[in-house]
Amino acid sequence: MLCEWGTIVLIMADKSALFIVEKDMESKLDLLFKKNLYTVAINLVQSQQADAVATAEVLRKYGDHLYSKQDYDEAMAQYILTIGHLEPSYVIQKFLDAQRIYNLTNYLEKLHEKGLASKDHTTLLLNCYTKLKDVDKLDLFIKSEDEHKFDVETAIRVCRAANYHEHAMYVAKKSGKHEWYLKILLEDLDRYDEALQYINSLDPSQAGLTVEEYGKILVEHKPKETIQILMRLCTEEGESAKGGTFITMLPSPVDFLNIFVHHPQSLMEFLEKYTNKVKDSPAQVEIHNTLMELYLSHDLDFPSLSQTGSNENGDLGTNRGSNAAATTSRTVSNGNVLSDDANEEKYRKERRRKGLILLKNAWPAEQEQPLYDVDLAIILCEMNSFKEGLLYLYEKLKLYKEVIACYMQAHDHEGLIACCKRLGDSGKGGDPSLWADLLKYFGELGEDCSKEVKEVLTYIERDDMLPPIIVLQTLSRNPCLTLSVIKDYIARKLEKESKLIDEDRIAIEKYQEETSTMRKEIQDLRTNARIFQLSKCTACTFTLDLPAVHFMCMHSFHQRCLGDNEKECPECAPEYRSVLETKRNLEQNSKTQDYFFQQVRSSKNGFSVIAEYFGKGIISKTNKGSSEAVKPTNDYSNGSF
């Protein structure tokens, strides 16, 4: 026998040679597999230090052999040794039958221990535990210290679906999945108090997110407690604010409005508490707008929610507008059936009272704009027929004509006249034209309003707002008014006009007489000689001697008393210059059209302003310029010769 080149050479007795060559590993294994010598094959690959993949393949075949012989426990033992090299789905598919669920559970446990399990594997293992009702193993798996051996959300979802809520909550709480923890408490177990306590234990940022997510359920069942949590989140009650910007770091109540979508009563309570505590919130405009809508709405409900509000099962005590049955309920007291409509009406008036207070308080006198949307406020008042609020807004906006239009629409004559007394006084910044509008209203009313018309005419006459002819034309449209209503007014106006005419006639005659005298004097200066008989100097009062200077104004001076100015009388010159300056100013004003039209518009009688301009010679057909306008008209105008 010889050993050479990896072969054995046997020399036989008959002098023949036999070569024995060792088979390769694959051939050996194939031969062992055919003879079902799997144990020998396993020992062979292990002795040859084969790679893990080859070893796993031998183990798989051994497991398949045992599975075919229905030795499931031993087969699973072999499959477990292949974890990490054999696709888990190969094994799982073989053991999905309910009779082999114990083996499948064992395999999935080992898969998780080695950290090779996927979400589907976790789901399958938990389903196996729940099918077997093996709570001990479920506890051991769920409460394991190893947090990375299974997918958390998958475990929570499977336990929740199998009604193992406590296990699902344990995983959610341990892993910080607050939304899952609260979802189980609120949607599956209806443990609202526990959910509120859990939210209180969270940090403010996380608590705010959870309230946004599950606030609707909490408000429906625990409105007061939920509002307390929101107040803590939005105002940080119990903690001192450091710095003036602290409030801007807190959540805004606007972020939580959606959770009150079916419970406006709770929303109103929350916003009222917040506004009473926080006076300078960055979102106060939005908060005031929302409160205003709640206060002014007819049934404490939003229009878009009117169809869904009646489907809520909340507490009637905290949701008056959401439950439609509240309006039809009846209470028996002392044998009488009392309707809740009276209570609802009382409650509605109280809300409107709060709405009016909000409109006033949120518009401080020192601010031009209010802390709410004015346009929205007007729309809400119009939609809900809130007259008091509408009148306040119109008056603040100085829309006085809209104010009296509200009274006119309501046919409130007493309030209408009182409003005009308050807003029609020009001395207090009012609009006097309101009286004219009021007179027009009564003229077109079509009913007897003699008392009101007489009162209106009193104020029109006092401020001389309208000519009598306009008053007559306006009131003539009302067939129910008689002449006796305006008889006294017309008589007083005619008497007043007569006095004015007499005064004007006397003034005209006076001016005509003065004009005639002036013309005669001018004519006398032009045609006759003047004799100067003064014997004393006007300036020094000494006896007048030569050289002397005589002026046409009949003043005489020593030449030495005049100094260098011999062209004008020192006594009359200041008055003359004042007249020239006045004339120059008038002519300058005549070129300023804006000033002229402003006087016409602001005057009660624009025609009198125009007549005054004509009378002063400011307005004329020809204009020779300012230089010619002040030029002396004759040689004697300077008073000297």
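Predicted model: local features only at pLDDT ≥ 70, side-chain atom pairs only at ≥ 80, totals over all residues.
Colleague: What percentage of the residues count as buried?
Modeller: The protein chain has 641 residues. Buried means under 20% relative accessible area. The part of the chain that counts as buried is 37%.

Colleague: How many helices and strands are there in the protein chain?
Modeller: Both kinds of element occur in the chain. The counts are seven strands and 30 helices.

Colleague: Among contacts between residues at least 6 apart in sequence, what percentage join residues at least 24 apart?
Modeller: Take the contacts in the protein chain between residues at least 6 apart. Those joining residues at least 24 apart make up 50%.

Colleague: Is threonine 290 buried or exposed?
Modeller: Threonine 290 sits in helix 16, residues 284–296. Its relative accessibility is 13%. The cut-off for buried is under 20%, so threonine 290 counts as buried.

Colleague: Which residues is threonine 290 in contact with, leaving aside neighbours within four places in sequence?
Modeller: Sequence neighbours within four places are set aside here. The contacts are then Leu257, Leu267 and Leu271.

Colleague: How many aromatic pairs are there in the whole structure, and what are the angle and type for tyrosine 72 and phenylalanine 95?
Modeller: A search of the whole structure gives 11 aromatic pairs. In the pair of tyrosine 72 and phenylalanine 95, the ring centres are 6.4 Å apart. The planes stand at 80°. Over 60 degrees counts as edge-to-face, so this pair is edge-to-face.

Colleague: Where in the chain are the two partners, and how many residues apart?
Modeller: Tyrosine 72 is in helix 4, residues 72–81. Phenylalanine 95 is in the loop between helix 5 (88–94) and helix 6 (101–113). The pair links distant parts of the chain, 23 residues apart.

Colleague: Which class does tyrosine 72 fall in, and which phenylalanine 95?
Modeller: Tyrosine 72 has 21% relative accessibility, so it counts as partly exposed. Phenylalanine 95 is at 0%, so phenylalanine 95 counts as buried.

Colleague: What type of aromatic pair do tyrosine 441 and phenylalanine 442 form?
Modeller: Tyrosine 441 is buried at 12% relative accessible area. Phenylalanine 442 is buried at 0%. Their rings are 5.3 Å apart centre to centre, with 55° between the planes. The pair is tilted.

Colleague: Which residue lies over the face of tyrosine 67?
Modeller: Tyr67 forms one aromatic cluster with Tyr72, Tyr79, Tyr90 and Phe95. At 4.9 Å from the ring centre of tyrosine 67 lies lysine 94.

Definitions and conventions. Residues numbered from 1 in each chain as written. Heavy atoms only, no water. Helix = DSSP H or I, 4+ residues; strand = E, 2+ residues; numbered from the N terminus. Buried < 20%, exposed > 50% of the residue type's maximum accessible area, 1.4 Å probe, protein only. Contact = heavy atoms within 4.5 Å. Phe/Tyr/Trp six-rings, centres within 6.5 Å; stacked < 30°, edge-to-face > 60°. Lys NZ or Arg CZ within 6 Å of the ring centre and 35° of its normal.
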